[in-house]
Amino acid sequence: MQAIPMAVTDDVGWLASVEEAIDAVFRPAAEIFSTVVFFPITIGDVSFPAVVAWLIAAGVIISIYLGLIQFRGLKVSYEVVRGRYSAHHDPGEVPHFQALTSALSGTVGLGNIAGVGAAMALGGPGATFWMILAGLLGMATKFAECTLGVKYREVHEDGTVTGGPFKYLPIAFKKFGKWPGKVLTGIFAVSILIFGVAGGNMFQANQTFAQMRNVTGGDEGLLGSAGAALVFGLILATLVAAVILGGMKSIGATTSRLVPAMAAVYVIACLFVIFVNIGQVPAAFNAIITGAFNPAGMAGGLVGVMIVGFQRAAFSNEAGLGSAAIAHSTVKTRRPVSEGFVAMFEPLVDTVVICTMTALAIVIAGAPSLQSGIDQVQAGEGAPDGVILTSDAFATVLPWFPVVLAVAVALFAFSTLITWSYYGLKAWEYLFGRSKASEISYKCVFLFFTVVGTVLTFTQVLNFADAALFICAFVNLLGVYMLLPVIKREMKAYLAERKCGDLHKLGAAEADEVGTHRA
């Protein structure tokens, strides 16, 4: 998920007045809502949002209940992603790999680049250790919610799918009665829709324009003139429309190319920085381990550094929020738990790999900038811009990389935007019904706000949307807890079939029927 800092806006005349008026209306609601959702828990001198404790506790509980499936199930995950047990005519819309990349495109982005830098300034290198641990716990949470997302999905007559929390939450809450389940699921849907239109759309559009304007010379460049934001917004909306009008199959096809390419470029750049400074790697790991358990000079000591790492991971990979289960539910499969195994790769790639690579590059090559950022935090001046910390680290080895980084951020934002358009659509369908007219209406609204996002910032609206997204965690995880026995039964049956070879035989038999078995 993307961190929400102050975005860039084209403050010209009446547009600024419109933005200020709308922000003034939203400010009271945003402040109250954020206070409730991010209610602080205080341990010693450290305060952190209760939602972070809720997410981490879920990772621990689910990991234990499922027997640390995130470690013993990785080989199975790899086999399923490769399509070893799949057949072309399995019900669903997209293959396992495309479902994975679609969900990843909603989480991998600015938070992995800017968020990690800011977290390290707040918690020092040691925050990386706790970030990795939280990512590993999040793998179990993703396994659980995405298994449920597929198990209770609905495959429509036209082959499209509606799944995720919109389908399994009513099942989980039915013991409370019909209306409590509808209300809780409705709260989840409204929250997803609000964030989809604002945080997953307007903010991403705004950041895409901001990054491209910076690359082309800032205020003095090609996109620095008055009206450039509007023109850019219209072009961006056209590109988004070309993808999302084709539905999940089009989104999956796009993200299956875009996400691996972006991630590969970024990880290769990180590795290049690390290898150039290979002699400093042992010292970097020492700083991370030492800082995790003996964080000298960091605010809050051990607990403070732990919380910073946990919070960064929780806010980055969205494990427990239920959003990813919407994308994963579209997968082509006859066995719901198979996609649970695939979903475990999300926190692994997003947090354990990409966030860790970013942290290592900053510790190894960007030490002066990192120390300056830590000093800034300790002086009470707030966290520095995380993008700058990351950019400075890369620039020590690749002077031209800040330009590539800016383009990568823009592409990450675009991929997030198209994925959240789908999440918002499913929330819209739950609230207003499923029909062609309803779908077209939603997409027109979404594309309109894509254009608006490049022109205006709406800071308070974004704050409100950020809080709305995390309301999903309380509702979604409550439902997941109630259905844990179902998940465990599915998991045990699937692993037993695999062990005795029945899964492979069945997959091969199905594939022979149409001649499309994927080796």
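## Ala 53 and helix H2

In this predicted model, Ala 53 sits in helix H2. Its relative accessible area is 28%, so Ala 53 is partly exposed. Setting aside residues up to four places away in sequence, Ala 53 touches Ile 41 and Phe 48.

Along the sequence, Ala 53 and Ala 314 are 261 residues apart, yet in space their C-alpha atoms are 9.5 Å apart.

## The largest cavity

The structure holds three cavities of 30 Å³ or more. The largest cavity contains about 90 Å³ of space. Two or more of the lining residues come from each of helix H2 (50-65), helix H7 (127-151) and helix H13 (301-317).

Which helix gives the most to this lining? H7 does, with four residues. Sorted by class, the lining of the largest cavity has seven nonpolar residues, four polar ones and no charged ones.

## The second largest cavity

About 50 Å³ of space lies in the second largest cavity. The residues around that space are Val 80, Tyr 85, Ser 86, Asp 90, His 96, Lys 332, Thr 333, Arg 335, Ser 338 and Tyr 494. Here the lining divides into three nonpolar, four polar and three charged residues.

Back at H2, follow the chain into the loop between H2 and helix H3 (69-72), where you will find Leu 68. Leu 68 is not a glycine, although its phi is positive, at about 55°. With a relative accessibility of 42%, Leu 68 counts as partly exposed.

## Helix H19, from end to end

Now turn to helix H19, which covers residues 401-432. H19 has 32 residues and reaches 46 Å from its first C-alpha to its last, close to the 46 Å expected at 1.5 Å a residue. Is H19 largely enclosed or largely open? Of its 32 residues, 24 are buried, so H19 is largely enclosed by the rest of the structure. Just after H19 comes Gly 433, with a positive phi of about 95°.

Beyond its neighbours within four places in sequence, Thr 419 is in contact with Ser 102, Ser 105, Gly 106, Ile 251 and Thr 255.

In soluble globular proteins, nonpolar side chains tend to be buried together. In this model, the largest nonpolar core has 148 residues, and those with the most contacts inside it are Phe 143, Val 240 and Tyr 423. Which helix supplies the largest share of this core? That is H19, with 14 residues.

Apart from its neighbours within four places in sequence, Tyr 423 is in contact with Ser 102, Ala 103, Phe 166, Ile 192, Ser 323, Ala 324, Ile 326 and Ala 327. Ser 102 is also among the contacts of Thr 419.

## Helix H9 and Ala 210

Helix H9 covers residues 178-215, and Ala 210 lies in it. Is Ala 210 buried or exposed? It is buried, with a relative accessible area of 4%. A separation of 196 residues along the chain lies between Ala 210 and Ala 406, while their C-alpha atoms are separated by 9.3 Å.

## The second largest pocket

The last stop is a pocket. About 300 Å³ of space lies in the second largest pocket. It is lined by 19 residues, and the closest to its centre are Asp 158, Thr 160, Gly 247, Arg 434 and Glu 439. At least two lining residues come from each of helix H11 (247-276), H19 and helix H20 (436-455).

H19 gives the largest share of this lining, four residues. By class, the lining of the second largest pocket has five nonpolar, five polar and nine charged residues. For the largest cavity, by contrast, the lining has no charged residues.

Technical notes:
Residues numbered from 1 in each chain as written. Predicted model: local features only at pLDDT ≥ 70, side-chain atom pairs only at ≥ 80, totals over all residues. Heavy atoms only, no water. 1 Å grid on protein atoms, 1.4 Å probe; cavity = no way out; pocket = protein on both sides within 12 Å on 5 of 7 lines; lining within 4 Å. Points joined across faces, edges and corners; volume = space filled by probe spheres on them. Nonpolar A, V, L, I, M, F, W, Y, C, P; charged D, E, K, R; others polar. Contact = heavy atoms within 4.5 Å. Buried < 20%, exposed > 50% of the residue type's maximum accessible area, 1.4 Å probe, protein only. Core = buried A, V, L, I, M, F, W, Y, C linked by side-chain atoms within 4.5 Å. Expected span 1.5 Å × (residues − 1).
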